[in-house]
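Here is a friendly briefing to read alongside the model. Have the viewer open and follow along.

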Amino acid sequence: MKLIGGASTTTVTCPNCGVKSTQAASKIRLKQAMLCPGCKSLFIASR
Ligand SMILES: [Zn+2]
């Protein structure tokens, strides 16, 4: 996985509804909130 550029993405699973979505890997690294496309809630992914 590339760490430079911000274009790399990863798949995360929503802790609320279980929907998988593709999010920017940089958001996970920076512990930023991501919007779930399933339940529209914000969550922070944990590795
Ligand atoms: Zn969700």
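In which strand is the place of Thr13? Thr13 sits in strand β1, where strands are DSSP runs of E with at least two residues, helices are runs of H or I with at least four, and both are numbered from the N terminus. This is a predicted model, in which local features need pLDDT of at least 70, side-chain atom pairs count only at pLDDT 80 or more, and totals for chains, interfaces and linings use all residues. Residues are numbered from 1 along each chain as its sequence is written.

**Around Thr13**
- Thr13 counts as partly exposed because it has 13 C-beta neighbours inside 10 Å (buried means 20 or more other C-beta atoms within 10 Å, exposed 12 or fewer, partly exposed in between, with C-beta atoms placed from the backbone).
- Leaving aside residues up to four places away in sequence, Thr13 touches Gly18 and Lys20 (contact means C-beta atoms, placed from the backbone, within 7 Å).

- Strands β1 (residues 9-13) and β2 (residues 20-24) run antiparallel, joined by five bridges (pairing takes at least two DSSP bridges).
- Thr11 is opposite Thr22 of β2.
- Six residues lie between the two strands, and Gly18 in this hairpin has a positive phi near 85°.

**Whole chain**
- The chain has one helix and four strands, in the order β-β-α-β-β.
- Of its 47 residues, 9% count as buried.
- The mean pLDDT is 88, and 85% of the residues score at least 70 (pLDDT is the predictor's confidence in each residue, from 0 to 100).

Methods: Two residues are in contact if their C-beta atoms, placed from the backbone, lie within 7 Å.
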